[in-house]
Amino acid sequence: MKEGFSITKVADGVLLVRYPSVEDRRGTTETPFDADTFEMHARDVAPPGGLTFERELVSWSKSNVVRGMHFGPDRFSAGYKLIRCSRGSILDVLVDMRTGRQSGAPKTLSFELNESSRQSLLVAPYYAHGYAVHGDFAEVHYLLTKADVREQAFRWDSFGYRWP
């Protein structure tokens, strides 16, 4: 693995990625994504043939905003997401859509992502995704393996999760 990267499997279909940064008197340079590192270390989560990102989306959200929950039209067509918070702080929440929201409380996972943690999440397409902004503002980046998917959504307060 390249110096400064660490990739940890935290659940089936979810990797927590810590990426490197270099600081000097001029400021900071970060490397949030490296294709070779993901090719070598994300095989147990990535689809056959590996990960090829086709699009980047950036979301800017104000204080106390909750966004989500977004998912693909079926549990595999949405593609993978690499999610990171480059400014501010968010509570990122994932809902495992394989269990179905109607069959009781779905499996949920949550992660604090912020500009100082230098972490991102690689999320498989069978998870719905949303987040709550902590603080005044958040800037969230998504790298997507499918550029042309029309995602669906359900309300952030419809699945029993206790948002802070």
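Strand 5 (55-62), strand 6 and strand 10 each put at least two residues into the lining of the largest pocket. Strands here are DSSP E runs of at least two residues and helices are H or I runs of at least four, numbered from the N terminus. A pocket is an open set of points on a 1 Å grid over the protein atoms alone, with protein on both sides within 12 Å along at least five of seven lines; a cavity is a set where a 1.4 Å probe fits but cannot get out, and lining residues have an atom within 4 Å of a point.

This is a predicted model, where local features need pLDDT of at least 70, side-chain atom pairs count only at pLDDT 80 or more, and totals for chains, interfaces and linings use all residues. Residues are numbered from 1 along each chain as its sequence is written, and side-chain values use heavy atoms, with hydrogens and water left out.

**Pocket**

- The largest pocket has a volume of about 280 Å³, where a volume is the space filled by probe spheres set on grid points joined across faces, edges and corners.
- Of its 19 lining residues, Leu57, Lys81, Tyr142, Leu144 and Glu151 are the closest to the centre.
- Strand 10 gives the largest share of this lining, with 5 residues.
- By class, the pocket lining splits into 8 nonpolar, 6 polar and 5 charged residues. Nonpolar here takes in Ala, Val, Leu, Ile, Met, Phe, Trp, Tyr, Cys and Pro; charged means Asp, Glu, Lys and Arg; the others, Gly among them, are polar.

**Cavity**

- There is 1 cavity of 30 Å³ or more in the structure, and the largest cavity holds about 50 Å³ of space.
- Its lining includes His70, Phe71, Gly72, Lys81, Tyr127 and Glu151.
- Strand 6 (66-71) and strand 10 (127-144) are the elements that give two or more residues to that lining.
- The class count for the cavity lining is 6 nonpolar, 4 polar and 2 charged.

**Overall fold**

- The protein has 1 helix and 11 strands, and the pattern along the sequence is β-β-β-β-α-β-β-β-β-β-β-β.
- Take the contacts (heavy atoms within 4.5 Å) with a separation of 6 or more: 79% of them are between residues 24 or more positions apart.

**Strand pairing around strand 6**

- Strands count as paired if DSSP finds at least two bridges between them.
- Strand 6 runs antiparallel to strand 10, joined by 3 bridges, and Arg67 stands opposite Tyr131 in strand 10.
- Strand 6 also pairs with strand 11 (residues 152-153), again antiparallel, over 2 bridges. Here Phe71 stands opposite Gln152.

**Nonpolar cores**

- A nonpolar core is a set of buried Ala, Val, Leu, Ile, Met, Phe, Trp, Tyr and Cys residues joined through side-chain atoms within 4.5 Å.
- The largest one has 34 residues, and Val14, Leu122 and Tyr127 touch the most other members.
- Strand 1 (6-11), strand 2 (14-18), strand 7 (81-96), strand 8, strand 9 and strand 10 each give two or more residues to this core, with the largest share, 7 residues, coming from strand 10.
- Leaving out residues up to four places away in sequence, Tyr127 touches a set of residues including Val14, Phe71, Leu94, Val95 and Leu109.
- A second, separate core of 10 residues includes Phe71, Leu91, Ala128 and Phe154.

- The peptide bond from Gly68 to Met69 is cis, with omega near 5°, and Met69 sits in strand 6.
- Asn64 is not a glycine, yet has a positive phi of about 65°. It is in the loop between strand 5 and strand 6 and counts as exposed at 68% relative accessibility.
- Arg118 also has a positive phi, near 50°, in the loop between strand 8 (108-114) and strand 9 (119-123). At 13% relative accessibility, Arg118 counts as buried.
- Arg84 lies in strand 7 and is buried, with a relative accessible area of 16%. Not counting residues up to four places away in sequence, its contacts include Glu30, Glu139 and His141.

Terms used
Buried < 20%, exposed > 50% of the residue type's maximum accessible area, 1.4 Å probe, protein only.
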